[in-house]
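Subject: Handover of a structure file

Dear colleague,

Please find below the structure that I am handing over to you. My notes on what was found in it follow directly after.

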Amino acid sequence: MYFSTFDGHRSSVNDIQKDEFARKFPLLEDADVYARWKASSWQITRIGDIWKRSGRIFSVNYAGSNVYPSFQFAEDGTPLPLMKKILDALPQDMTPWERAFWMASPKNELEGECPVKCVRRNDDRVIQAASKVEQFATQ
């Protein structure tokens, strides 16, 4: 289930889904990502952006801000190891929100579990599931 902005109705449905996603999975701004990251004494306040550019995590635009779904991070604030592999396996033409919705939706290949749960358990079946996502065109 992937959405593009086709008309006002579809866009409204998409906005509702984004709000539901944000309630279920807290969204972190750069300062939040930095505050959770305790592995280094470096003063890199935009570490989230660095990790995003290196493909270790992804962000979405929500309420006018660039934010990071919290499920991508370990307790020490670092990106979970499987995230880069999953992001590399997903089609490059997926939008950030399509990636977020894919991660939060149950998958048959994962016995009905959401990829988010597999990532948290370090279950690498999620990489195979990501590699099977077909390319699609968004409008």
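Does C118 count as buried or exposed? The relative accessibility of C118 is 0%, so this cysteine counts as buried (buried means under 20% relative accessible area, exposed over 50%, and partly exposed in between, with a 1.4 Å probe and protein chains only).

Before the remaining findings, a note on the basis of the values. This is a predicted model, in which local features need pLDDT of at least 70 and side-chain atom pairs count only at pLDDT 80 or more, while totals for chains, interfaces and linings use all residues. Residues are numbered from 1 along each chain as its sequence is written, and side-chain values use heavy atoms, with hydrogens and water left out.

Confidence

The average pLDDT of the protein chain is 83, and 81% of the residues score at least 70; pLDDT is the predictor's confidence in each residue, from 0 to 100. Residues 1-10 stay under 50, and the model has 17 contacts beyond four places in sequence for them (a contact means heavy atoms within 4.5 Å).

Overall architecture

The protein chain holds seven helices and three strands, in the order α-β-α-α-β-β-α-α-α-α from the N terminus on. These elements are DSSP runs numbered from the N terminus: helices are H or I with at least four residues, strands E with at least two. Of the 139 residues in the protein chain, 44% are buried. Among contacts with a separation of 6 or more, 57% are accounted for by residues 24 or more positions apart. The protein chain exposes about 7900 Å², of which carbon and sulfur atoms supply 50%; accessible areas come from the Shrake-Rupley method with a 1.4 Å probe, and for residues only the protein chains shown count as cover.

Cysteines

The count of disulfides is zero, a disulfide being a pair of cysteine sulfur atoms within 2.5 Å. For C114, the closest cysteine sulfur is that of C118, at 8.6 Å, which is too far for a bond. C114 has 13% relative accessibility and therefore counts as buried.

Aromatic pairs

A pair of aromatic rings is described by the distance of the centres and the angle of the planes. Rings of Phe, Tyr and Trp (its six-membered ring) pair if their centres lie within 6.5 Å; planes under 30 degrees apart count as stacked, over 60 as edge-to-face and the rest as tilted. By this rule there are nine aromatic pairs. One of them is the tilted pair of W51 and F73, with 6.3 Å centre to centre and 45° between the planes. W51 lies in helix α3 (residues 47-53) and F73 in the loop between β3 (65-69) and α4 (81-89), so the pair ties together parts that are 22 residues apart in sequence. W51 counts as buried at 6% relative accessibility, as does F73 at 2%.

A further tilted pair is formed by W97 and F101, at 5.4 Å centre to centre and 35° between the planes. Both residues lie in helix α5, four residues apart, about one turn of the helix. W97 is buried at 8% relative accessibility, and F101 is buried at 10%. W97 and F101 also belong to one aromatic cluster with F21, F25, F58, Y62 and F71.

Helix α5

Helix α5 spans residues 96-103 and is mostly covered, with seven of its eight residues buried. The buried residues of α5 are W97, E98, R99, A100, F101, W102 and M103.

Yours sincerely
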